[in-house]
Structure formats: C-alpha cells, structure tokens
Amino acid sequence: MRNLRRGRAMMRGVRILERLDELYEIGGGEGANRPGGSAEEDRAHELAAGWMEEAGLAVEVDAAGNLIGKTASPDVWAGSHLDSIPNGGKYDGALGVVAGIEAVERVGRGAVVAFRDEERGCTGSEAFVVRGERPPTFLELHIEQGPVLEQAGAPLGIVTGITGMVRAERVFEGVAGHAGTVPMSARHDALVAAVEYVLHVRNRARAIEGAVATVGRLEVEPGVANVIPSRVRLSVDARAPDRPRLDRLVAELGLEPLFELEPVPMAAAPLAALRAEVEARGLPVVELRSGAGHDAAVLANAGVPTAMLFVRSLNGGVSHSPDENSSPEDIALAVEVLAGALARLP
Ligand code: HGY
Ligand code: MN
Ligand code: MN
C-alpha cells in the first residue's frame, strides 16, 4: 500500500514539473515570457483551464479574465498568477496555480484561481476584490524569490506578512540642444537631473531600515547621441515593511503612487494550518516576511483570511530571471503541505 501511495505521489510530482515546463515554453525566448494581457498569458490560461477540467473542477472565467476552478465545496481557495515579467523565472506565479490544481484535486474540496496580470499591478486580483468576491480563506504557494530558506537549509517557509509597495513614475524636463555647441554652463540636461534623482532614490532607501527602492525603467528623449536630453521618464518601485516607513520613503522620493499595496500581515487560522502541516512532517518551521508583492496581499487587504507558503529558491534566491530555480523534492513537499492545509481549514 505504501509503495502504491509513493508511486502516486511520484506521478503527481512529475505531472507538476511537466506542466511547469509546458507553461515555461509559451512565448519562446529566454525565460518565461507571458506578459499580462498578452496572447501568451491567454495560452497559459487555456492550458490551466484544461488541467482544471481534468481535475474535475467546474471552470469559470470572471469579468476580469481570472480563471477559477471549483469543486462542489469551494470553501478554501488556492492560487496565484500565470503572467510573468519578460525573461522571468519558471516558478513565479505558475507554481502556485499548478500546485493549487494538484492540491484541490487531492483533497476534493476548495477552489483554485489564476489571477490575471499580477506583475504590472495585480490587475486581476484587484478587480476580483473590488467586485466584492471574498473567498472564505485564501492560500498562495509561491517560490520565495530570496535567499532566506536556502541559507536556513529549509525547504519551506511560512510567510507572516507581505511588504508594502508603491509604484510611480517621475519625469525630468530639460532643454534639447546641440551636443557640440551648447556650453556646459548653459545646459539643462534632463538626463543629468534624472541620474542625480536615481542616486537620491538609492540613498534614501538605504537610510530607512527594511526599505528598498528601484528605478527599473528609464526612457531618454530624444535619445540621440549628439542631442542634449530634453526629457526623461523613469519608474520607481518603493517598498517598506510598514506604513510609516513606506510613507516616509514615498515623501522623500516625491512620489505620486500609480499603484500601491498596503503592508499586510497574514491571518492566524491559515497560518496555523500551514504551520501544523510543516511540523507534522518534521520539517523546520521558518517564518519570514515577503519582500515581493503578491495577489495574496490584495486578498488579505480586502479582509480575506490569507496566508502564503514559500518553497525554497535555489541559486542564492535569484528571481525575476531565467536562473530562478527550486527542486522537485521541495515542490513535492510544498504541494503536500498546501493540500494538508486546505484539508485542515474549516
Ligand atoms: O514585484 C513583485 O514583487 C511581484 O513579483 N509582482
Ligand atoms: Mn513576480
Ligand atoms: Mn509572483
């Protein structure tokens, strides 16, 4: 009997890895390429809808394009997202959806959701909660995207809270001019002003414990080698573990938020269910905060009892990169714990 159970677990583990590979191949190029709102994200949703049907779930797509698979008793929900950043990792988002399907099929209760367009600003999960959807409980399995679990030698981590985040843009105006004839003293160079601001972003984030800030995109106009830049538009991604520190960072960087996620704690009941399942397997219980934003933060901020389970990132925790990696053994354990928690919750 034990060998039969072990064989079945192996089969399920292989199936998860095969499905992750199938999603990873969509879009071609290096890494995952399924931008939010793209045909590639649509293809991923088609594949996941088929897997939900194979699992015997009732499949529906809501007005925001979120994909939902339900058993007859959808009282505990699991899920994540299937879009990716350009050249992203194999596991970010996709693991939570594929493992969610597996876990819900295994326990025969609950629902699994693939939220749309998480990377550009949790578009799908924001629409979901704005429409008044409040699942009784939500669990998100996600790769850690950091080094903590690898350094701790732990396959899984229990997330206690998710960082707060503000995304914004800043524009710097200058005066276009001839690169050869305008004296340095007479220039209004938009790029020089932008570069000074980028250093200000780094310095202010360094000065606030636990804060981070990133200028990931910078566009220079007219972008011609022999013209003094007249305009620069840049992105700012600012994060801090609590509201006071986030407010201080936003103020010091002079940001007008385009998108923001409130720092949010995870809920006691789903946290306890995850912790009990990890302990029941004799695994180390490592609790940590998430520096990455997640759809789980949107659900938690909408009052849904929410918790996250992290699976160890390898390669020093690199993520948002084709080098993102996790091990089949850790993934199999994560699915077991997720399924156990779904079964344990009321
Ligand atoms: O940016 C984030 O933290 C997430 O990957 N969307
Ligand atoms: Mn991501
Ligand atoms: Mn993600």
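**View 1. The residues around ligand 1.** Ligand 1 is surrounded by Glu118, Glu119, Met165, Arg167, Arg239, Ala292, Gly293 and His320, where a residue counts as near if one of its heavy atoms lies within 4 Å of the molecule. The model is predicted: local features need pLDDT of at least 70 and side-chain atom pairs count only at pLDDT 80 or more, while totals for chains, interfaces and linings use all residues. Residues are numbered from 1 along each chain as its sequence is written, chains are lettered from A and ligands numbered from 1 in the order in which they are written, and side-chain values use heavy atoms, with hydrogens and water left out. By class, this shell holds four charged, two polar and two nonpolar residues; Asp, Glu, Lys and Arg count as charged, Ala, Val, Leu, Ile, Met, Phe, Trp, Tyr, Cys and Pro as nonpolar, and the others, Gly among them, as polar.

**View 2. Polar contacts of ligand 1.** In the side chain of glutamate 118, an N or O atom is 2.9 Å from a nitrogen atom of ligand 1. Oxygen atoms of the ligand lie 3.1 Å from a polar side-chain atom of arginine 167 and 2.7 Å from one of arginine 239. The protein buries 94% of the 220 Å² that ligand 1 exposes when taken alone (Shrake-Rupley method, 1.4 Å probe).

**View 3. The manganese ion (ligand 2).** Its protein donors are Asp92 (OD), Glu119 (OE), Glu119 (OE) and His320 (NE2), at 2.2 to 2.8 Å. Donors are N, O and S atoms within 2.8 Å of the metal (3.2 Å for Na, K and Ca); water is not among the atoms, so sites may look incomplete. Along the chain, the donors of ligand 2 follow the spacing D-x26-E-x200-H.

View 4. Aspartate 92 coordinates both manganese ions, ligand 2 and ligand 3, which are 3.5 Å apart.

Note on methods:
Polar contact = N/O pair within 3.5 Å; in protein donor to acceptor, adjacent residues only side chain to side chain.
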